[in-house]
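Here's a quick tour for anyone opening this one for the first time. Keep the structure in view and follow along topic by topic.

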Amino acid sequence: SGLGVAAVLFVGLACGALDPGLRISELVIFLGLSVFIYMIALQSGATFFSTFQKNHGARDIFFVFMMLLFSAAITVGLHFAFHFEAATTAGLFSGVSTNTASLAALLDLISKQNPTAIEDSISQLAVVGYSLSYPMGVIGVMIAIKVVHNLLKVDYEEEARQLSKDYPFQQKLESSTVRITNEAIIGKSIRELLKIYDWKVVFGRMQTQGELKLPNWDTVLQQNDEITVVGNEEELRQVATILGMLSEEHLSNDRTEYDVRELFVSNPQVAGQTLASLNLSEQFSTIITRIQRGDIDLLANGNTVLELGDRVRLVAHRKDMEALRQVFGDSYERLSHIDLLSFGSGMALGLLLGMINFQLSEEVNFQLGFAGGPLIVGLILGALRRTGPIVWTLPYSANLTIRQFSLILLLAGIGINSGHTFLTTLQEGSGGMIFLAGTIISIVSAITTLLVGYKLLKIPFTVLLGMVSHQPAILDFATEQSKNKLPLIGFTLMLPISLITKILFVQLLYILLNI
């Protein structure tokens with residue numbers, strides 16, 4: 001389905017409509033919520049905190065916050081225009097932003113603020129608002145992307161070339177062998193050249209005076225040396241132009257002394273460590289050229305932090321290969337195992353934090369609940385990556401699997417418990433107004449975000465596509481439109497802050513509109 005795992009919600013609604021007596025325990029729903037939020041936060045923690053350290057990190061976070069505030073303002077206006085219930089409006093905002101976590105947090109708030117006798121009916125209003133606005137929360141953004149792109153006529157390919165140095169993201173890494181013929185760089189070290197030209201490349205094996213060896217930063221280049229360079233196509237072209245010329249021979253094909261391997265990072269002792277801290281070059285004759293994380297290729301450097309599940313591509317002496325395999329682990333089976341100590345401890349800390357009652361005044365108090373507690377703890381632990389011997393992060397594949405399963409529990413429970421109310425709303429005809437409101441919020445918010453971000457703040461349009469892609473189907477659409485994976489930058493950069501903001505705004509909408 002184009003809706004992805006969110007289709008489970010609509011199947012659940014159908015099943016609940018067929019049998020009003022069918023119910024799922026709230027324990028299952030809130031368990032799914034807590035685990036889902038914790039997994040997202042754990043994976044996004046490092047990106048979230050590093051955003052503040054970037055040149056435009058604070059600006060981008062403030063921009064996303066203001067655009068979500070703008071969407072909330074439109075929602076409030078439509079609330080009074082269409083005379084919605086507070087729970088319906090809050091659910092509407094959750095649905096149009098396709099944010100299941102905020103819906104679950106809203107249901108958590110409703111259960112705490114209302115007597116048991118009316119809690120169920122109010123919760124169903126929230127779910128109806130969510131489910132009826134969800135489709136246009138996806139389709140509306142896609143329409144906005146096409147409209148604004150046609151209006152601005154952005155050249156995706158050209159923008160991708162301009163962004164190649166500004167973001168640590170490579171679409172496709174290649175390797176070439178370059179012959180040193182430029183007299184101006186003869187006698188200069190690799191360290192000097194990287195400092196002068198700021199190349200985003202990695203130098204692999206080299207041949208000098210008939211000898212094959214692995215270079216380091218202090219290696220001095222001589223006339224007619226040949227050296228392997230790893231980077232994207234444009235960087236390789238620039239390096240070849242300055243150093244001399246591309247060689248017809250490829251040193252990477254010579255496996256007589258040095259070999260190339262891809263090793264899985266499955267050893268918990270190296271997970272969460274930077275490549276520089278491992279001091280591999282002092283122990284072995286080896287160079288790490290790139291790291292594959294999920295579907296993304298990353299150039300390796302000393303500051304790169306290894307994560308469980310990474311595939312490390314390296315060039316090393318044949319005699320060192322077995323020892324290097326022991327260092328990284330290289331066990332695919334081990335990556336399928338979950339460290340129950342770190343997973344269970346992190347979840348327990350999140351749930352305990354969610355139970356703490358924060359007293360703002362004699363009348364106002366709140367709890368972070370099943371969503372907020374795991375979210376904050378997950379972000380912190382994800383940024384720390386490890387504490388002593390405990391590795392908090394999980395392999396990418398394990399994180400994704402747990403996240404999908406917990407989301408299925410959450411969506412199935414919400415859908416089944418609200419199916420009868422959903423059907424009743426459609427039969428009464430009031431569902432059309434909710435659908436219309438969702439359409440207006442989705443399209444107007446997305447168009448405004450794209451125009452303001454691109455024209456006023458000069459944020460690259462391809463990155464903006466990721467910022468408005470609050471659902472996997474939209475992200476896939478944005479990636480297909482741009483013909484590259486650069487929207488992933490905006491998506492991963494803003495996911496934590498938008499998730500937190502949506503959870504906060506949905507609960508504030510419900511509280512304020514109930515006054």
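## Around E226

Setting aside neighbours within four places in sequence, E226 touches T177, V178, R179, R205, M206, Q207, S247, E249 and L251, where contact means heavy atoms within 4.5 Å. This is a predicted model, so local features need pLDDT of at least 70 and side-chain atom pairs count only at pLDDT 80 or more, while totals for chains, interfaces and linings use all residues. Residues are numbered from 1 along each chain as its sequence is written, and side-chain values use heavy atoms, with hydrogens and water left out.

- E226 sits in strand β4 (residues 226–231); helices (H or I, at least four residues) and strands (E, at least two) are DSSP runs, numbered from the N terminus.
- With a relative accessible area of 3%, E226 is buried; buried means under 20% relative accessible area, exposed over 50%, and partly exposed in between (1.4 Å probe, protein chains only).

**The nonpolar core**

- The largest nonpolar core has 85 residues, and I37, I145 and Y510 touch the most other members. Such a core is a set of buried Ala, Val, Leu, Ile, Met, Phe, Trp, Tyr and Cys residues joined through side-chain atoms within 4.5 Å.
- Helix α6 (residues 116–152) is the top contributor to this core, giving 13 residues.
- Not counting residues up to four places away in sequence, I145 touches L450, L465, V468, I474, F477 and A478.

**A four-stranded sheet**

- Four strands make an open sheet, ordered β6-β9-β7-β8, with antiparallel pairing; two strands pair if DSSP finds at least two bridges between them.
- β6 (258–264) and β8 (296–299) are the edge strands, each with a single partner, so one side of each has no neighbour in the sheet.
- β6 and strand β9 (residues 311–317) run antiparallel and are joined by seven bridges, and V260 has V315 as its bridge partner in β9.
- Six bridges link β7 to β9, again antiparallel, with I287 opposite V315 in β9.
- β7 also pairs with β8 in the antiparallel sense, over four bridges; there, R290 has L299 in β8 as its bridge partner.
- Six of the eight residues of strand β7 (residues 286–293) are buried, so the strand is largely enclosed by the rest of the structure.

**Aromatic rings**

- There are eight aromatic pairs, counting rings of Phe, Tyr and Trp (its six-membered ring) whose centres lie within 6.5 Å; planes under 30 degrees apart count as stacked, over 60 as edge-to-face and the rest as tilted.
- The ring centres of Y156 and F461 are 6.2 Å apart and their planes meet at 35 degrees, so this pair is tilted.
- That pair links distant parts of the chain, 305 residues apart: Y156 is in helix α7 (residues 156–163) and F461 is in helix α18 (residues 461–468).
- Both are buried: Y156 has 8% relative accessibility, and F461 has 0%.
- Y156, Y454 and F461 form one aromatic cluster.

**Helix α4**

- Eleven of the eleven residues of helix α4 (residues 86–96) are buried, so it is largely enclosed by the rest of the structure.
- After α4 comes T98, whose phi is positive, near 45 degrees.
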